[in-house]
Amino acid sequence: MRWWSVANLVSNAGTWMQLTVQNLLVLQITGSAAATGLSLSVQAAPGLLMGVAGGAAVDRWPRKLTAAVSQALLGAVAFTTALLVAFDQLGLGVLLALAAVTGLIATIDGPACALLGNDLVRAEDVPSAIGVGSLVSNAGRLAGTGLAGLAVGVFGTAAAYAANGLSFLFVAAVIPFLRPVAGAVTTAAPTAKRDDPDMTVREGLRFFARRPRLVALAGITGISAIFGRNYGLTLAVLVTGPLAGGAGAFGTVSTVLAVGGIVGAVLGARLRKPSVRLVGTLAAAGALLQAVAGLAPSLAVLLVLVLPMAVAESVSDTAGTTVLQTDPPAEMRGRVLGVWGSIKTVWGFAGPPALGLMMELAGARGALVTGGLLIAGAIGAGHLLRRRGVSEPVLLRPEPAGLPALSTAA
């Protein structure tokens, strides 16, 4: 697990280096911000269309082999991009095609790597493993975005893609040496045939739709993603607008958000049996803090509110990921993660336009306040409806001693 965590830290740093440079590269090629957004959408689109199929593949194939091959393929795409950039042969069309291929491979790589990490620890330690993964992800994001500027400034744009390619190869090289704990499901269904009706994409969709916990989790996370969480947009406008701060002030806010995410990941790693109720409670608390942050009169007050808000949302995310990866039976987890990947892609497409419209109508403060209240209100309403839907147990009076029990005539 330690080796896997180190490999993921390196991989996350490389991925964020590439993502940061990719936006700058598209701007250099086209000079269009719309083209930059298009490249991100093209990379995310396979998750919407093929996410469930990718999860089904993870359930069918040996997990270690699947993760190693997908990492190697992602490395090959990164190296190809680096060569094209170095020889000035990369146009917008080729860049978009490579982004689409990356997104397609990621539909298999994402669930394969997530579940492989869980195989390395005992079942009771899975929440801790997921918390460590969240911590590694946040640390890799901070390191990658910082290293991207250094790499481009010293070695050029191609260096960031080459570094990401090396990070993928490092992970692929580590995977064969990982030893899952006894009883871990490294091959989801070794005796399953490809036409086994229990291994189909449809079965994964049906399972997810019939699992109330997963549907509730999807609702909580979805409304939180659409009306909150996009702080790179809302808080940037709040800081540079009503609070009259500059880029440095927003950088401070972003750093506090990242620190809160790391603290939340550490706390989330201590969870033993997280529940959907805990996810909803923490998400609602974070949303109410978001609403209060929208009314912050100064940057100092905003920073005080942003830290606990980020902590609550990070613990909520860690708890939700734990439920998602442990609630389904082992042979269904790849497809459940595939369905989840498709749902998250929908949120990714819907969130920025919805927040943009809210900011147009109500400004940055109004968007933060309204979004926070909508999230907390929807979660509270869902909890009340669930309590109403649960019928009260019927208590049966026991038969008095010595009297015969009633029976049917038959």
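Q: How much space lies in the second largest cavity?
A: Keep in mind that this is a predicted model. Rolling a probe the size of a water molecule over the atoms shows where empty space is left. Here, the second largest cavity holds about 30 Å³ of space.

Q: Which residues line the second largest cavity?
A: Read a lining as a list of residues, then ask which element supplies them. The list here is Ser-224, Gly-228, Arg-229, Tyr-231, Ala-283, Ala-287, Gln-290, Glu-313 and Ile-375. Helix H11 gives the most, with three residues. H11 spans 276-293.

Q: How do the residues of that lining divide by class?
A: The lining of the second largest cavity has four nonpolar, three polar and two charged residues.

Q: How many cavities of 30 Å³ or more are there?
A: The count comes to two. The largest cavity has a volume of about 60 Å³.

Q: Which residues line the largest cavity?
A: The lining consists of Gln-18, Gln-22, Gln-43, Val-77, Ala-78, Thr-81, Leu-95, Leu-98, Ala-99, Thr-102 and Tyr-161. Helices H1, H3 and H4 are the elements that each give two or more of these residues. H4 gives the most, with four. By class, the lining of the largest cavity has six nonpolar residues, five polar and no charged.

Q: Now an open space. What is the volume of the second largest pocket?
A: About 610 Å³. The lining of this pocket has 21 residues, and those nearest its centre are Ala-216, Ile-220, Val-276, His-383 and Arg-386.

Q: Which helices each supply at least two residues of the lining of the second largest pocket?
A: H8 (212-227), H11 (276-293) and H13 do. H13 gives the most, with eight residues. By class, the pocket lining has 11 nonpolar, seven polar and three charged residues.

Q: What does Phe-208 touch, not counting residues up to four places away in sequence?
A: Phe-208 touches Leu-214, Val-215, Ala-218, Leu-324, Val-336, Val-339, Trp-340 and Ile-343.

Q: How many residues does H6 have, and what does it reach from its first C-alpha to its last?
A: H6 (residues 157-174) has 18 residues and reaches 27 Å, close to the 26 Å expected at 1.5 Å a residue.

Q: Take single residues. Why does Ser-128 count as buried?
A: Compare the relative accessibility with the cut-off. Buried means under 20%. Ser-128 counts as buried because its relative accessibility is 18%. Ser-128 sits in H5. Not counting residues up to four places away in sequence, Ser-128 touches Ala-269, Leu-271 and Arg-272.

Q: Why does Val-152 count as partly exposed?
A: Val-152 is at 27% relative accessibility, so Val-152 counts as partly exposed. Val-152 also belongs to H5 (residues 126-155). Leaving out residues up to four places away in sequence, Val-152 touches Val-21 and Thr-157.

Q: What separates the C-alpha atoms of Val-152 and Met-17?
A: Sequence separation and spatial separation are read apart. These two residues are 135 residues apart along the chain, with 9.6 Å between their C-alpha atoms.

Q: Where does Thr-30 lie?
A: In H1. Thr-30 counts as partly exposed because its relative accessibility is 32%. Beyond residues up to four places away in sequence, Thr-30 touches Ala-35 and Leu-92. The C-alpha atoms of Thr-30 and Leu-92 are separated by 7.5 Å, and the two are 62 residues apart along the chain.

Note on methods: Residues numbered from 1 in each chain as written. Predicted model: local features only at pLDDT ≥ 70, side-chain atom pairs only at ≥ 80, totals over all residues. Heavy atoms only, no water. Buried < 20%, exposed > 50% of the residue type's maximum accessible area, 1.4 Å probe, protein only. Contact = heavy atoms within 4.5 Å. 1 Å grid on protein atoms, 1.4 Å probe; cavity = no way out; pocket = protein on both sides within 12 Å on 5 of 7 lines; lining within 4 Å. Points joined across faces, edges and corners; volume = space filled by probe spheres on them. Nonpolar A, V, L, I, M, F, W, Y, C, P; charged D, E, K, R; others polar. Expected span 1.5 Å × (residues − 1).
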